[in-house]
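Colleague: I'm new to this one. Could you show it to me and take a few questions?

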Amino acid sequence: MGGFFVTGTDTEIGKTMITAVLTRHYLERGSDTFPYKPVQSGAEWEGEKLTAPDTVFYERFAGREFGPETNTYLLKIPSSPHLAAALEGVKIESQPIVDQTEKLLNSHELVFVEGAGGLIVPLNEEETMIDLIDRLSLPVILVARAGLGTINHTVLSVMALKQRNIKIAGIVLNRVTSDELTEIEEDNRRMLQKLSGVPIIGTFPYITGREIEKLDVGEILEHWNMNILEEAMQHESRKAY
Ligand SMILES: Nc1ncnc2c1ncn2[C@@H]1O[C@H](COP(=O)(O)OP(=O)(O)OP(=O)(O)O)[C@@H](O)[C@H]1O
Ligand SMILES: [Mg+2]
C-alpha cells in the first residue's frame, strides 16, 4: 500500500481529526495503519513524559497506542515549529523525518503523515512544510473548511502544490462549526472542483467531543469517494529518497 501526507489550508482546520478518522477506518478494515506527526509544537508534560496532543487524539480515536515512533520533534511552545525550535535550542531538520517516514512505510501497510499548520509554515530558516512534502513524495490529502471562506485558501494551497508538481490525492472538507451551511457548502464543492481541478474525497460532519469514541466512521465514509485514496495507493510511484 503506501502513505499520504495530510496537510491543511490552515492550522486548527482538522488535520488531526481526519488523520485519526482515516487511521481508524483502515485499522477497522484490517490494514496495519500508522499515524505519524513528525513535528508537534505545543507538546505537554504528562508526568515524566512529553506527549503530543495530536498523538493523544489519534490514540483516543483509534483506541490503541502507537508509541514514540509517532513523533520526531516534540516542542513545548505552541507556535510555528521554527520559532518553538529556536526558542528551545533545537534545529528541525528534514532528513530525520524523511528517514523515519521511510522506516514507517517499510514496516506498516499504510502511513498517514500529518503536517503542522499549512503549507508555508517554516520548519527552520531554510525550509517550509511544502519542502518537506516535496522530499517525502507522498500524495497529499488537503483538509479544508467546508463552509464560508474555503475557496480562496483551498485554491491557493492547490496552486502552491501544483507549482511544485506535488501529487494531490484529493480534498477533504471538514465542518469545523455546527452551522447549517448546505447551500454554501454545495456551491463550495462545485467551485473548488472547477477552480482547482482536484477531486473532493468527502465532507466530514461537525461532531461534539463526547461522541468521538462511539462515532461510526464507516457510516460517514460510506458517502466519501474512498476510491480516490485507493487508486492513489495503487498508482503510487514514489521516487527514491
Ligand atoms: N469535524 C469536526 N467537528 C468538531 N470539532 C472538530 C472537527 N474537526 C476538528 N475539530 C476540532 O477543532 C480543533 C482543531 O482540529 P485539529 O486538531 O484536527 O486541527 P489541526 O489542523 O490538526 O491543527 P494543528 O495545525 O494544530 O495540527 C480540535 O479541537 C478538534 O477537535
Ligand atoms: Mg493537528
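Predicted model: local features only at pLDDT ≥ 70, side-chain atom pairs only at ≥ 80, totals over all residues.

Modeller: Residues are numbered from 1 along each chain as its sequence is written, chains are lettered from A and ligands numbered from 1 in the order written, and side-chain values use heavy atoms, with hydrogens and water left out.

Colleague: Which residues coordinate the magnesium ion (ligand 2)?

Modeller: Donors here are N, O and S atoms within 2.8 Å of the metal (3.2 Å for Na, K and Ca), and as water is not among the atoms, sites may look incomplete. In sequence, the donor residues follow the spacing T-x37-D-x59-E. At 2.0 to 2.2 Å, the ion is held by T16 (OG1), D54 (OD) and E114 (OE).

Colleague: How many residues apart in sequence are the parts that T16 and D54 tie together?

Modeller: Helices are DSSP runs of H or I with at least four residues, strands are runs of E with at least two, and both are numbered from the N terminus. T16 sits in helix 1 and D54 in helix 2 (residues 53-62), so the pair links parts whose separation is 38 residues.

Colleague: Is T19 buried or exposed?

Modeller: T19 belongs to helix 1. Buried means under 20% relative accessible area, exposed over 50%, and partly exposed in between (1.4 Å probe, protein chains only). With 0% relative accessibility, T19 counts as buried.

Colleague: Which backbone polar atom lies 2.9 Å from a nitrogen atom of ligand 1?

Modeller: A polar contact is a pair of N or O atoms within 3.5 Å; within protein, one must be able to donate a hydrogen and the other to accept it, and residues adjacent in sequence count only if both atoms are side-chain atoms. On the side-chain side, T11 puts a polar atom 2.8 Å from an oxygen atom of ligand 1, and K37 has an N or O atom 3.2 Å from a ligand oxygen. The backbone atom you want belongs to I207.

Colleague: Within what arc do the buried residues of helix 9 fall?

Modeller: In helix 9 (residues 227-234), the buried ones are I228, L229, A232 and M233. The arc is taken from the directions from the helix axis to the C-beta atoms. Seen down the axis, these buried residues line one face of the helix, because they fall within an arc of 135°.
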